[in-house]
Each structure stands twice: as structure tokens, then as C-alpha cells.
Amino acid sequence: MSLLLALLVYGKGLGQDCAITIGGTVLDAHNGEPMPYVSLYDSDRAIGTQTDLSGEFTFEGICAGPMHLRINHVGCEEVRLYLDIRQDTSFTLRLHHHAELLDEVVVSESATDRALGEQSVLSTEKIIEAPDKGIGEMLTQVPGVSAIRTGSDIVKPVLHGMSGNRLTLLNNGVAHSGQQWGMGHAPEIDPRSADRLTVIKGANTLAYNGEGMGVILLEKSPIPNEPHIHGLGSYGFNTTDLGHALHLRLQQGMKGLSWRADLSAQSSSDGQTPDHFLTNTASRGLNGAFTLEKTFKQRLRSELYYSVFNSEIGILRGAHISNVTDLLSALNREEPFFTSDQRDRDISNPRQVVGHHLFKLHNRYLVSDSLILDLTYALQLNSRDEYDVRRAGRDELPALSLSKEEHFTELKMKWRTAGGRQWRAGLQHRFARNSNDPETGILPLIPDYLQSQYSLFLLHTARWNRWEYTVGARWDTKNLYALTISNSLPREIIREDLWFHTPSASISTTYTSVHDFKLNAEIGYRERSPAVNELFSYGLHQGVSGIEEGDRDLQNEKGIKALLGAEYHLHEKVFFDVVAYVHHIDKYIYLEPQDELRQTIRGAFPVFEYAQVDGLIRGVDARVSAELNERWRTLADYSWIRGEERRSARGLLGIPSDRLNYSVEYAVPTQGLLNEFTLDAGLRHVFERQGILTDNSDYPDRSEDSALQGQDFLPPPDPYTLFSLGAETKMAFGATSFTLGLDVENLLNTRYREYLDRFRYFADARGREIRWRLTWRF
């Protein structure tokens, strides 16, 4: 439940010091109906009240001074509101009563900023409830979003089959720039520094820097105008890896100057499957963020933002094998090699040590009521060290050591013309420098390079009766200058100077009827240039335990995507939402397994090469949710997706399996200190990946002892079903409120392997996980 409308406040004349009356009405933001039984508590005076059947409430005999209100309703997120009471006051609150049943639409700056398919997929409450989860795993709660995994701690989101370089992650308005090209590289972002995660699927993607065919935003809300220091915290513990996670936030909104500070820490030991430990999968991290906001005479607003991310992650020891014979045995082995009979919190080689810094300065100037200018500068510094199992006492010397810096500058304009039409235009420039440490003694996986990208975009949004449309275009020009090393002897340096031009265009429209029905449609054309790893990789990619080889001759991907969606609300009790899409991608770039297990001085590893095919991706995402009564709620969503090569009809590798999720929630009647107590149960069924060739009958040239089984080293895993249970209670003591939760995932301790987990070649996924979590606001 979140506050939608600013307070409508009016005075009724000055009263006596303690004879002030505070009243108002609480309405449902979706239909304007009054909301009864909403609890309002004044933590300064330790008094509370509840709305009546008309949604009205009253506090009488109030003394002048500050009022901190906590607003709660069964099944909804708590809303906090600060008032400086000086006289009789009345206001109206519009609350998202059904936000937990809907993909809540986020309107960033105004109603016409809204793009087709823009969805707030995770709110602040959902983010802080998962203090030990990364952004990739959090987003799997959303229909159409899956995750590519390398074990349990390296997780990257997949949206409608798009992942990696095809998705742009914006951290507080800046396209994340790390070593995100690798499947074994999780985004170096702490989602707990954000207030919501938003998925963009429509024409508005053209406004964001990067060449992503989809955009995921990590957004901050403005710091509330609250002169006192407030904050929140969360702590989580799970039994699967004995992991601890802690997050703290403090903030203060003084007149004209506001600040916020976030700090989070995480530590875990080796994970555990139903049958054995996952040796050397411990991890730890320490992250922070600081925001300073200053307003100058209501026209100029400046924001200074800094974040730091640090993590150390162990790589499954059983995925690094010394010889080809053992590697053949390790593939699909029930228990990985090097499995210990006890878990360990120490991290040994192979491991990754990652650091990331983001500094951002943003200025917004209100030139007039119809013209806004935005100027942003951002600097990102990234370091990545990967350590292998090495001989002769060289374990502390990284086998790969990368450093990257990127500068970003952006100028944006937004203006309105007659008839409420809105225009947005922008110029963007990105400059990146990536370098390898030559002291590793190993040829680098990717070369040293300089990259410069110039971009411009234009978007137009208009409304006509019940129709709204957005049309936009974008142009990107990228120069990549790389110092590569030849793959053959004698070694020589090859200087590559490549230019890429990638035009994009999109149009989206939405129709809203008077009967709670909405129809969305979009068609767009996007090009994406090959990334540096796709062009020039050559060597062991430690994070995924495989050798990767790029292709200098790769060309731009060219994609046309059409999307049609519909939403229907039945009496604000039942919600239907369905989206269908078709995505044609010419020259689709993917990592193709080769019929080779290569022996190197660092061990034996499967070989993969980057290749291009003409691809077709089709899918349907459907969600049905219902509020059966004030106590019972239920939700079901289903994602169907197919990816295939257009010429051969073979399945595209790396496309998610179909999946079905179902959950039911019951709100237990409460009294006394408990504001709310809920029980929930759920299941997730993942189907077997379809369309992948699983034998060599279609490959007559392969030998009988081929390492491949059809298109891959192993066929897709069997389907599986996981059950879950949960309980949550909320309580308050004065100005502090607490939420205590218990979640059990994989209740039956089921053995399974996930198709998009690269370590499925070597080990099962994690078993039953019991997670305790505590959240508090003060």
C-alpha cells in the first residue's frame, strides 16, 4: 500500500493549543471508493483511530506540534506520513489497496511519462524483506522474468528471453557499467539502496543509455520532507548456507537539504543440496550508498549520489576439473568431485573478488512550467579479480585482473506543447577504459580497450480521448578500439578499430475503457552491436568453468518485437493480466557448445564459441489474482516461451523453460500489539525446456565418443515442482514498527537442476531453505 496523492490540506482557523481536530478520508486509489477499517496511529501522542464505513477518521483534542502517522490496512504495505500540526486540518489519502495483486504502474514524473508495459515489480517492502537476495533473484517473482545462474550467488535477470548485454540495468538513472558481459558475473549492484525495481518494456526504453532491448530500473524515491531522523533496518538468516544479511538506512529531510545513507553486509558459508554440501560456494559482501539532495529556490534541484559495492564469491570446486577423463565423469555426476563432508565459511580458489564505485551528480532545472532541463555526470570504477587453483604457491595471484572506468554525461529536455503533448529529447556520451593487469602471467580473457559511444533520442507522447501513444527514435554510434593478442604463435598485438551504428525506433499505444479494461500494443525495432567479449574472448572464463572464444566478424543484432497486452479488473476483486509477444532477431548472438573438452595447464574445460543465427522468440505471460474476501487472497501466473532458429527450427540455447507459480494467503484476525498476521503457501512448477536436440542423430559427422549430446553437453533437466510456506506478523511499539517473517522454500527438499544454471552440469540446486527475517522502521 503506497501513498498516491499529495495531501489536500485546508485550515479552519487557529484553535487552542490542545483543541485541534485532525480529520480526513481514505479512498481506494483504483476506484475512488472509501476504505473502511484503515488503522491510523499517531506515534508522538500514542493514540490511534480507525476509518469508518465511509472511510472517514478523526483525531480530536490534538496539541500543536509534529504528528507522525502510521497507516495500515490488512494485506497492504505500511504508509508513514509526517504533519506539522498548527491548526484544524483535513486531508484525503488515496491508497493502493490492491497493489500486492497488481503489477503497480509507476509514474515517474507525470502521467504522460508512463510507457506501455512500465511496471513497478518490487516495492520497498518487497526489497527489504529479502536482505540476502540480489537483484536477479528478486525479479524472478515477476511474470516474464527468469534468471541465469552460476550457482546460487551469481544471478542475472532474463526478461522475455533477453539477458546479459541485451538488458540495460539503470542504477539511480545511470546505466550500470561493470564486467556484466559475462554469464558468470552478477550485476555489481545492491538493490537495497533502491526504493523500487521497475521493468520497462515499451517505447520508453529508447530514453535510457545503453543498447539494451529491455530496461530494468533501480529507482530512488525523493527523500520525504521530514525534519527528524528516521530509518529502517532488516536482518535475515537462512539455513541452507547459514547466511546472515543486514541492511540499515537512515534519512532526514530538512528544509532545502535532505540526506540518506544505506549500509548492507552479507556473509554465508557453503550451500547445501538435499544430499551434500556445495563445497567452496561461500560468499561475503559489504555495500553502502549515500545521497544528498539540495533544492535552490524551488527551480533548481541538485543530487549527489555515491555507492560502493564489494563482494567475494567462491566458485564451486567440483566445476574445476584437472583432466578430460575426470571432466567427462563430472558432467551430470550425482555428487560433484571435491565435495567435503562439512560446510566451510572460508573461501578458497577458485573465487572472485569484485569492487564497484558509482559517483553521480544530477541537476534538474525548471526553466518554466512547461520546460525542464536535466544534466547528469557519472563516474564508475570497477575492479574484478578471479583466482584459480594454481601451483607453485601462486594461489594469491589472480588469473584474471580487470580494471574499468567509465564516464557518462547526459543532457535531457522535457517540454509540453498545446493539447498536453509531451516531448523528450536527450544527448548522451559514454567513454570507457578497460585494462588487464599484466602481472597475472596469463593471456587475458578479453583485451584492453577504449570505447566511446554517442547517443541521441527523441520521444513524443500524446493523448486522444481514451487513447495514449508514445513514439520514439534513437541513434547510437560506438567506437571500439581494442589491443588484442593473436591466438597463434608467435604472439603479436593486433589493433582493432571498429565502428558500430545502431538505429532504433518504437511506437506503443494504450486504450483504457470505462469498464476497467485496458488494451496495450507496441512494435519496435532495435539494433545491438556485439559486445567486447562476443568479439574477442579467448580463454578460460572461470566464473562459468568454460573456455570461451569470440568472433571478430560478428555483426549487429537486428530485432523487431511486437507486443499485445490486456488487463481487466472485475469489481476491484479479480484482476486479469495477459501479454503476448513475438521477437524476430536477425543475427542473434549466442554461446554455442563445441564438440571439445580442452586440456590446459589450468585444468580441463568445455569449449564454447560465440555464433550468430536468425532467431525467433515467442511468449505469453498471464496473471490472475483475486481478493476472495478480507481474509483470503490468491495469485497465479504462467509464463510460456519458445525460442528457435528460424532456418533449422532448432531450439535457441539459453531461453528459459515454461513455469507456473501459484500462491494463496490468509490474514489471521489479530488484536492487541499485532497489526497483522498472515499465512501463505505456494508452489512453483518449472517445465522441461522444449525444442533442444538431445541426441546426435541429427549430427552424422560426430564420433561415437562425442562430448556433446545434441546441442549441448547435457540434455535439459527434468521438470520439477517446489512447494513453499510462509508466515508474517506485524507489530508496533510507539514510533517503531516491526515485521517478523518465516519462509520455507523447497519445502519437500526436492532434488532438481535448473536449465539456466551453468553449474547444472556438475551439481544439483540447493535444497530446503528456511529463512527468518526481521524488519523494523523507526
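Strand 35 (574-600) supplies the largest share of the lining of the largest cavity, 5 residues; helices (H or I, at least four residues) and strands (E, at least two) are DSSP runs numbered from the N terminus. The model is predicted: local features need pLDDT of at least 70 and side-chain atom pairs count only at pLDDT 80 or more, whereas totals for chains, interfaces and linings use all residues. Residues are numbered from 1 along each chain as its sequence is written, and side-chain values use heavy atoms, with hydrogens and water left out.

A cavity is a set of points, on a 1 Å grid over the protein atoms alone, where a 1.4 Å probe fits but cannot get out, and lining residues have an atom within 4 Å of a point. Grid points are joined across faces, edges and corners, and a volume is the space filled by probe spheres set on the points. By this rule there are 10 cavities of 30 Å³ or more. The volume of the largest cavity is about 600 Å³. Its lining comprises 33 residues, and Ile148, Met183, Leu591, Leu653 and Gly654 lie nearest its centre. At least two lining residues come from each of helix 4 (532-536), strand 35 and strand 36 (603-627). Domain 2 (119-217) and domain 3 (218-777) each contribute at least three residues to this lining; the domain bounds come from an automatic or database domain assignment. The lining of the largest cavity holds 15 nonpolar, 9 polar and 9 charged residues, where Ala, Val, Leu, Ile, Met, Phe, Trp, Tyr, Cys and Pro count as nonpolar, Asp, Glu, Lys and Arg as charged, and the others, Gly among them, as polar.

Strand pairing was also examined; two strands pair if DSSP finds at least two bridges between them. Strand 42 (residues 769-777) runs antiparallel to strand 17 (residues 230-238), to which 7 bridges join it. Strand 42 is also joined by 9 bridges to strand 41 (residues 736-745), again in the antiparallel sense. Arg773 in strand 42 stands opposite Gly236 and is the bridge partner of Gly741.

An open sheet of 4 strands has the order 4-3-6-7, with antiparallel pairing. Strand 4 (47-50) and strand 7 (79-85) each have a single partner strand and stand at the edges, so one side of each lacks a neighbour in the sheet. Neighbouring strands of this sheet are turned by 20° against each other on average, direction ignored, with axes being lines fitted to C-alpha atoms and angles running from 0 to 180 degrees between N-to-C directions. Strand 6 (residues 65-72) pairs with strand 7 over 7 bridges in the antiparallel sense, and Leu69 stands opposite Leu81 in strand 7.

Terms used: 1 Å grid on protein atoms, 1.4 Å probe; cavity = no way out; pocket = protein on both sides within 12 Å on 5 of 7 lines; lining within 4 Å.
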